[in-house]
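Please walk me through the local geometry of this protein, from its sheets to its cores.

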Amino acid sequence: MITVRFAPSPTGHLHIGGVRTALFNYLFARNQEGKVVLRIEDTDVSRSSKEMADEILQGLRWLGIHWDEGPFYQSQRFDLYKKTALGLLEEKKAYRCFCTPEEIEERKNTGPPDEKIFKYDRRCLALTEPQVNEKLEQKVPYVIRFLIPEGVTYFKDSLHKEMKSENAELEDFVILKSDDSPTYHLSVVVDDSDMGITHVIRGDDHISNTFKQVLLFKALGLKPPKYAHLPLILGPDKKKLSKRHGETSVLEFKKGGYLPGAVITYLSQLSWIPADSKKIFTMEELARQFSLGKLSKSSPVFDYDKLRFLNARAIQEKNSRDLYGLLVEDEALDRKYSEYDVETKVALIELVKPRMKILPDFESKFDIYLRGELNYDNEDLVRLNETYSNDEIKGHLELLSVQLEQIEPFDRESVESGLRECADRNGLKAADLIHAARFALTSETVSPPIFDLFVFFGKAESVKRIGGLIDYMEGR
């Protein structure tokens, strides 16, 4: 069975690039009817934290990326890694290195000036067995280094085809530290084999690591998995995506008001284009289409405008009552509007959601539409004044106010008919009354359909708001 793994490190937040890696692993596994293993790579005990690990799990669950096995924590498997390292030592495929970091750094700085990259000089490989035993008796701290064999290392990559590295260019890397904790290379190889990982899908910044890990697999007599290295995500400045570009942690996107469907749909388009780049896809729909062979080698640029576009579409497609449920997850927001009944708030969400891009956009509409927090002294009035003077706006509203008082029943059809009759009777265009009314009701020049607004507010509130703008105009 095809088995993939997502293996984040809990030394920081779950970065959006890591989420794309998790997503592609998940989609590939589901497309192939395989399974997903979640592994928490917390071998760096001093920098890892349970809080970060919990946040990673929370972020994956929010996005709907589910795993079949795990989470497995590498910090609980140190004995297995040590046993493997000692086995390599016994087989002369690794050796003890007693050099201190300070000594290595000194040799690095005094090496030949034409050496572009310093490699460990294998000084400790030349130690005789008596010399090693003497240092062990003296309890001199040591690490275990993997002995790079002669030759060339190859591996096939689904995106980059055949990859090649001269072994002479590789350093004898550390596999077990002096405190008996494993390095990344050792723990990854041991776990990928132990957990039956058949395919490794990860960022192409790991390509150099893959050569070392392939050598470790071979030294252990194990078959390496198949690899696919994804191009890194870039920011708008074409540099590696980072905090300076905006939100990068997955839960920051949640707090920022993005819906998981929009985030997943957008991330799927970074190095791959599903059938319709403007559609919000479910995980099942994406999985049916996904193929490693369709991925691009080019580094995609993260486009926040495209993400907001997709998020706006996801909001439009979301049931308004479900959107209300998401909004009230913010307890402070829920308390702020607690005096209004749920049905009114759901009706407002239904009214305004076609123009919302992120969930926080709803709060300003709640302030205007529910609490009546209208500020007429704004840029929208300046734009309105490009067409109508204040006196014209006031006159149009006075005519409309009288008309609205006479409309029964106060439904969409009756209000529209009454407004148009009022305009015809006074030699005006319907738009003259509509523009003035929209600004009176919302203090904005862009809004949901005006007749839906009238019905939402009802006759009394509509007349009250129109009167408020009339009073404002009289005071200018």
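This is a predicted model: local features need pLDDT of at least 70, side-chain atom pairs count only at pLDDT 80 or more; totals for chains, interfaces and linings use all residues.

Residues are numbered from 1 along each chain as its sequence is written, and side-chain values use heavy atoms, with hydrogens and water left out.

**Strands**

Helices (H or I, at least four residues) and strands (E, at least two) are DSSP runs, numbered from the N terminus. Two strands pair if DSSP finds at least two bridges between them. An open sheet holds three strands in the order β4-β5-β8, with antiparallel pairing. β4 (94-97) and β8 (174-176) are the edge strands; each has a single partner, so one side of each has no neighbour in the sheet. From one strand to the next, the twist averages 45°. Such angles run from 0 to 180 degrees between N-to-C directions, with axes fitted to C-alpha atoms. β4 is joined to β5 (residues 143-146) by four bridges. Within β5, I144 stands opposite R96.

β6 and β7 make a hairpin, with three residues between them. Six bridges link β6 (residues 152-157) to β7 (residues 161-166), and the two run antiparallel. Y154 faces K164 in β7.

Helix α17 (residues 390-405) has 16 residues and spans 23 Å from first C-alpha to last, close to the expected 22 Å. That expectation is 1.5 Å times one less than the number of residues. Buried means under 20% relative accessible area, exposed over 50%, and partly exposed in between (1.4 Å probe, protein chains only). The buried residues of α17 include I393, H396, L397, L400 and L404. An α-helix has 3.6 residues a turn, so residues three or four places apart point the same way. Among the elements covering the buried residues of α17 are α16 (379-384), α18 (412-425) and α20 (450-474).

E444 sits in the loop between α19 and α20. At 17% relative accessible area, E444 is buried. Its side chain makes a polar contact of 2.9 Å with the side chain of K365. A polar contact is a pair of N or O atoms within 3.5 Å; within protein, one must be able to donate a hydrogen and the other to accept it, and residues adjacent in sequence count only if both atoms are side-chain atoms.

**Cores**

A nonpolar core is a set of buried Ala, Val, Leu, Ile, Met, Phe, Trp, Tyr and Cys residues joined through side-chain atoms within 4.5 Å. The largest has 106 residues, of which L27, I65, F302, F362 and F454 touch the most other members. α20 gives the most to this core, with ten residues. A second, separate core of 29 residues includes L186 and V200.

| Cis peptide bond | Omega |
|---|---|
| G70 to P71 | near 5° |
| E408 to P409 | near -10° |

P71 lies in strand β3 (residues 69-73). P409 is in the loop between α17 and α18.

Which residues other than glycine have positive phi? K161 has phi near 65°, and S271 has phi of about 95°. K161 is exposed, at 57% relative accessibility. S271 is buried, at 6%.

Technical notes: Contact means heavy atoms within 4.5 Å.
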